[in-house]
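Subject: Structure handover

Hello,

Here is the structure I promised to pass on. Please open it next to this message. My notes follow below.

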Amino acid sequence: MIKQTILFDLDDTLIHCNKYFDLVIEQFADLMEMYFHTYHVPTEEIKKKQAEADLDRVMRLGFDPNHFPESFVETYDYFSDLTGRPKNSDEIARLTEIGKTVYGHSIEPYPGMKETLTQLETEGHELHLYTGGDRMIQMRKVTEADLERFFGSNIHVTRHKTDEYLEQLITEQQFDRKSTWMIGNSLRTDVTPALKAGLNTIFMPALQEWIYNHVDIDTEPQGAFLTLASLYEIPEAIRSYLSSTSSDM
């Protein structure tokens, strides 16, 4: 088998992420419901406003760990102004603190994470981790998930995953596009940039997806474009694709 270069996304590809944000949002919504109970503010409206505030920050400024708790405060301010309810500094501090807890949860790998990485490594492929976010937070996850044993120095963390950054990474690392794979859950930051770059791409839909990742695919694949439901399926999917393309030559 021809050696492949395989780039893995981290959050909601190798380890769980979105479900922890959802849990914290539920805690936030419960507090907001308590604060604004007499004003009859619908919980769904609270969640909708928070999602809009969070997404707006990411779209304008990229990823920053402060954006999530800031979206809680912005939502609180919005409904305070809307209803005329006085703002309370203790409540604002409480909401901010709850927002920050999302970055301190224990790491939970997706089923098959270590088995899949071990198999790909055993088959001689070169593994890279390509993740977006705050470097300190992402590297804590890498360490707790014991991923350095698989990726070593091939760990690439950027504040914001973009088409331009992926192109820069391909150039700097001298990746052969025809034998390079991008594996991730985000249509926006994993799949679309990889397809535009001419990489083989595996889409791993997350169980709970963030609205930021909901985009349409408008790029024609130049190589493989597969959708898989489990990490366990990856080694065989790559082997099958390489076997089919070699038989066509």
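A residue is called buried here if its relative accessible area is under 20%, exposed if over 50%, and partly exposed in between. Please keep in mind that this is a predicted model.

**Overall**

By that cut-off, 49% of the 249 residues of the protein count as buried. The C-alpha trace spans about 70 × 35 × 30 Å along its principal axes. The accessible surface comes to about 12,300 Å². Carbon and sulfur atoms hold 50% of that surface.

Now the contacts. Taking those with a separation of 6 or more, 73% are between residues 24 or more positions apart.

On charge, the protein has 23 positive and 42 negative charges. Their mean positions are 3 Å apart.

The secondary structure consists of ten helices and six strands.

**The sheet**

Six strands form an open sheet with parallel pairing. Their order is β3-β2-β1-β4-β5-β6. At the edges are β3 (155–158) and β6 (225–227), and each pairs on one side only. From one strand to the next, the twist averages 20 degrees. Helix α9 (residues 187–196) packs on this sheet. Helix α9 touches β4, β5 (200–203) and β6. The direction of α9 makes about 155 degrees with that of β5.

As a reminder, strands of a sheet pair through backbone hydrogen bonds, either parallel or antiparallel.

Strand β4 is worth a look from both sides. On one side, four bridges join β4 (residues 180–184) to β1 (residues 5–8), and the two run parallel. In that pairing Thr-5 stands opposite Thr-180. Further along, Phe-8 has Ile-183 as its bridge partner. Gly-184 has Phe-203 as its bridge partner in β5. In β4, Thr-180, Met-182 and Gly-184 point one way. Trp-181 and Ile-183 point the other way. In β5, Asn-200 and Ile-202 point one way, and Thr-201 and Phe-203 the other. These four residues of β5 are all buried.

Is Thr-75 buried or exposed? Thr-75 counts as buried because its relative accessibility is 0%, and the cut-off for buried is under 20%. Thr-75 lies in helix α3 (residues 67–83). Leaving out residues up to four places away in sequence, Thr-75 touches Phe-28, Met-32, Ile-46, Lys-49 and Gln-50.

Gln-173 is found in helix α8 (residues 163–173). With 34% relative accessibility, Gln-173 counts as partly exposed. Leaving out residues up to four places away in sequence, Gln-173 touches His-128 and His-156. Asn-154 is 19 residues away from Gln-173 along the chain, and their C-alpha atoms are separated by 9.6 Å.

**Two loop residues with positive phi**

Please check the backbone at two aspartates. Asp-12 has a positive phi of about 65 degrees, although it is not a glycine. Where does Asp-12 lie? Asp-12 is in the loop between β1 and α1 (18–35). At 5% relative accessibility, Asp-12 counts as buried.

Asp-146 also has a positive phi, near 60 degrees, and is a residue other than glycine. Asp-146 lies in the loop between α6 (135–144) and α7 (148–151). Asp-146 is partly exposed, with a relative accessible area of 34%.

That is the handover.

Best wishes

Key: Residues are numbered from 1 along each chain as its sequence is written. This is a predicted model: local features need pLDDT of at least 70, side-chain atom pairs count only at pLDDT 80 or more; totals for chains, interfaces and linings use all residues. Side-chain values use heavy atoms; hydrogens and water are left out. Buried means under 20% relative accessible area, exposed over 50%, partly exposed in between (1.4 Å probe, protein chains only). Contact means heavy atoms within 4.5 Å. Accessible areas come from the Shrake-Rupley method with a 1.4 Å probe; for residues, only the protein chains shown count as cover. Lys and Arg count as positive and Asp and Glu as negative; His and the chain ends are not counted. The place of a charge is taken as NZ of Lys, CZ of Arg, CG of Asp or CD of Glu. Two strands pair if DSSP finds at least two bridges between them. Axes are lines fitted to C-alpha atoms, for helices over the stretch in contact, and angles run from 0 to 180 degrees between N-to-C directions.
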